[in-house]
Each structure stands twice: as C-alpha cells, then as structure tokens.
Amino acid sequence: MASLADSFLADLEELSDEENYPEEETAELADAEHDGDMDMQDLESLNYDDLDSVSKLQRTQRYKDIMQKVEEALLKGERDESTFLVEEDPEYQLIVNCNSLSVDIENEIVIIHNFIRDKYRLKFPELESLVHHPIDYARVVKKIGNETDLTLVDLEGLLPSAIIMVVSVTASTTTGKPLPEETLSKTIEACDRALVLDSAKKKVLEFVESRMGYIAPNLSAIVGSAVASRLVGSAGGLSALAKMPACNVQLLGTKKKNLAGMSRASALNVGFLEQTEVFQSTPEPLRARVVRVLSANT
C-alpha cells in the first residue's frame with residue numbers, strides 16, 4: 001500500500017498546469033473575503049477616547065470560559081495517542097470555539113492598535129509608518145513612553161537593528177510632543193491589553209495545534225498542525241472542510257494586499273496553504289501547482 005507521502009507526490013506529478021477550478025465558486029468565496037476586508041476597514045475607523053468602550057472581549061464570559069478550559073487542557077498535557085477526537089467529543093467543540101475566539105482576538109487587537117496609534121501619534125507621529133505590526137508597535141510604544149531621547153531607550157530585541165536605527169533618527173526630528181500624563185496612562189494600558197491578548201492567542205493556538213494530530217492526522221501530516229488548525233477553524237469544523245470544494249480550500253485565509261504604488265491587478269493573495277513548509281520549500285514556478293495539489297488532498 002502506498003504511503004501518504006507517495007500518494008501526495010503522485011498527485012503532484014499527475015496534476016496538469018492547465019487545471020482550472022469552477023470560476024463561479026471561486027468568485028463567491030473571493031467576494032466573501034472582500035466583505036471581510038471591508039469589515040476590517042470598519043474596525044480601523046473606530047477611534048474613541050475610552051478604551052473600555054471599544055475593547056470588550058476580555059470582559060465577556062465566553063472569553064473567560066474558553067481561556068479557562070484551554071489552560072486546564074494544557075495542564076493535562078497530550079491525550080492518549082491511541083484515541084481520536086470526534087465531533088461529539090467536548091474537546092473537539094472546544095477546539096472549534098478556540099478557532100472562533102482566535103479570530104475575535106485578532107480583531108480586538110486591531111481595534112486596540114488603532115486606539116494606541118490615535119493617542120501616540122501626538123508624541124511620535126512617524127512611528128506608525130515605521131513599525132507596522134500591532135504587537136511590535138505596542139511593545140515599542142510602551143518602551144519609549146514619553147522619552148524624547150531614544151539613545152536612552154533600549155529597543156534591542158523588539159525590532160531589527162536597521163529599523164531601530166531608523167526609529168532613533170526619526171525620533172530626533174519628530175514634530176511630536178510629550179503626552180499628558182492621563183493620555184500616556186491610557187496608551188500604556190492599551191499596550192498592556194494588546195500584549196495580554198496576544199499571549200492569550202498564542203496559548204489558544206498552542207492548544208489547538210497540540211490536538212490536530214488527533215482530529216486530522218493525515219491533514220496535519222501534509223500541511224502541518226499549525227496550518228491544519230487554521231483550515232479547520234476557518235472552514236467551521238472538520239466535516240465542513242471535508243465537504244468543501246478544493247477551489248474554496250485554496251482560498252481559505254486569503255487576504256488581498258495591494259503593493260505600494262501598484263494597481264489592484266498587482267495585489268498579493270496569500271492564504272493558509274501558502275504558509276505550509278512544502279509550499280515555502282518549492283521553487284517559484286511550481287508553487288501554483290503545489291497549492292492546487294494541497295487543496296485537492298485536504
């Protein structure tokens with residue numbers, strides 16, 4: 001009997017470069033992804049003075065319950081290797097809830113990031129164009145605070161050396177002014193909240209990835225447990241993923257990003273399957289074929 005790896009390689013060899021997927025289904029999912037992008041744009045427009053009025057996830061009972069169950073499950077460690085998770089298993093439902101919560105956490109971090117930027121641009125307006133990642137931005141803002149001389153601030157380990165140099169030089173010519181104590185306090189509180197949420201997200205993903213081998217061992221073997229967990233969560237469960245057409249699987253997690261100065265025709269589409277090790281290690285000309293094979297075998 002051929003192994004899973006042999007079957008995968010056989011599919012890769014047999015798949016034609018000219019193979020196309022139904023355009024209608026692809027268009028429908030693309031439209032759904034576009035709607036999601038619009039939702040994120042709406043989130044970015046939030047800009048209130050009170051952090052608690054826009055950031056409420058951590059106070060919800062759902063968040064508290066899921067995080068408590070995740071921590072308890074992580075303390076128990078790995079399951080018996082001879083057992084498999086089925087959809088009726090309470091731990092399977094916890095995994096589904098975790099995937100949903102991780103998306104909510106990401107959205108919450110976006111909201112908090114915009115809150116921090118709104119406050120801190122009065123102190124260092126150029127920083128948001130130099131440090132784009134929300135968590136990196138929160139760490140840097142918390143570290144700098146109201147300090148005007150960045151030679152006194154150690155950013156080593158928070159940013160690459162080249163970026164640290166640019167941030168330091170830019171800070172010496174910034175038009176920003178130190179923040180009032182109350183505003184600075186609110187900003188630092190928002191940074192702490194973003195960092196706590198990021199830690200919670202990592203814990204949730206750690207739990208989900210640790211259980212993927214019991215839920216979808218073959219899928220995990222092909223794409224890795226991290227990507228497998230994202231595929232299952234994005235699809236709404238293992239059964240939903242199994243019934244999903246390959247063309248739709250290929251688009252899961254896709255986010256369109258326009259290149260600076262380029263038209264929409266130059267947009268980059270990066271989905272979950274592009275995050276797999278097999279995709280990253282494949283030569284550029286063969287990557288499109290690999291994605292199609294991965295989606296067909298998912």
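This is a predicted model: local features need pLDDT of at least 70, side-chain atom pairs count only at pLDDT 80 or more; totals for chains, interfaces and linings use all residues.
**Entry 1: α4 against α9**

Next I listed who touches whom. From α4 I wrote down Tyr-63, Met-67, Val-70, Glu-71, Ala-73 and Leu-74. Facing them from α9 are Leu-197, Ala-200, Lys-203, Val-204, Glu-206, Phe-207 and Arg-211. Sorted by class, the contact of α4 with α9 has nine nonpolar residues, four charged ones and no polar ones.

**Entry 2: the whole chain**

I stepped back for the overall numbers. I find 15 helices and two strands in the protein. The protein has 298 residues, and 38% of them are buried. I then checked the contacts with a separation of 6 or more: residues 24 or more positions apart account for 67% of them.

**Entry 3: the largest nonpolar core**

Which residues touch the most other members of the largest nonpolar core? I got Leu-127 and Leu-231, out of 62 residues in that core. The elements giving two or more residues to this core are α3 (51-54), α4 (61-76), α5, α7, α8 (161-171), α9, α10 (217-223) and α11 (225-235). The largest share is from α5, with 12 residues. A reminder to myself: in soluble globular proteins, nonpolar side chains tend to be buried together.

**Entry 4: helix α7**

I picked α7 next, which spans residues 134-144. Which of its residues are buried? My list reads Ile-135, Tyr-137, Ala-138, Val-140, Val-141 and Ile-144. These buried residues pack against α5 (90-120), α6 (127-130) and α9 (181-215). I also noted what comes just after the helix: Gly-145 takes a positive phi of about 60°.

**Entry 5: α7 against α9**

The axes of α7 and α9 come within 9 Å and cross at roughly 140°. That angle makes α7 oblique to α9, because the cut-off for roughly antiparallel is over 145 degrees. The hand of this crossing is left-handed.

On the α7 side I wrote down Ile-135, Ala-138, Arg-139, Val-141 and Lys-142. On the α9 side the partners are Thr-187, Ile-188, Cys-191, Asp-192, Ala-194, Leu-195, Asp-198 and Lys-202. By class I have seven nonpolar, one polar and five charged residues in the contact of α7 with α9.

**Entry 6: α5 against α7**

I turned to another partner of α7. The axes of α5 and α7 are 10 Å apart, and the two helices pack at an angle of about 40°. α5 passes α7 in a left-handed crossing. The α5 residues in this contact are Ile-109, His-113, Ile-116, Arg-117 and Tyr-120. From α7 come Pro-134, Ile-135, Tyr-137, Ala-138, Val-141 and Ile-144. I sorted the contact of α5 with α7 by class too: nine nonpolar residues, one polar and one charged.

Is Thr-170 buried or exposed? This residue lies in α8, and I read a relative accessible area of 18%. The cut-off for buried is under 20%, so Thr-170 counts as buried. Leaving aside neighbours within four places in sequence, Thr-170 is in contact with Phe-124, Glu-126 and Leu-130.

Ile-163 is also found in helix α8. Its relative accessible area is 29%, so I logged Ile-163 as partly exposed. I took one distance here: the C-alpha atoms of Ile-163 and Val-131 are separated by 8.1 Å. Along the chain these two are 32 residues apart.

My last stop was His-133, in the loop between α6 and α7. With a relative accessible area of 45%, His-133 is partly exposed.

Notes: Residues are numbered from 1 along each chain as its sequence is written. Side-chain values use heavy atoms; hydrogens and water are left out. Buried means under 20% relative accessible area, exposed over 50%, partly exposed in between (1.4 Å probe, protein chains only). Helices (H or I, at least four residues) and strands (E, at least two) are DSSP runs, numbered from the N terminus. Contact means heavy atoms within 4.5 Å. A nonpolar core is a set of buried Ala, Val, Leu, Ile, Met, Phe, Trp, Tyr and Cys residues joined through side-chain atoms within 4.5 Å. Ala, Val, Leu, Ile, Met, Phe, Trp, Tyr, Cys and Pro count as nonpolar, Asp, Glu, Lys and Arg as charged, and the others, Gly among them, as polar. Axes are lines fitted to C-alpha atoms, for helices over the stretch in contact, and angles run from 0 to 180 degrees between N-to-C directions. Angles under 35 degrees count as roughly parallel, over 145 as roughly antiparallel, 65 to 115 as roughly perpendicular and the rest as oblique. A crossing is left-handed if the near helix is turned anticlockwise from the far one by less than a right angle, and right-handed if clockwise.
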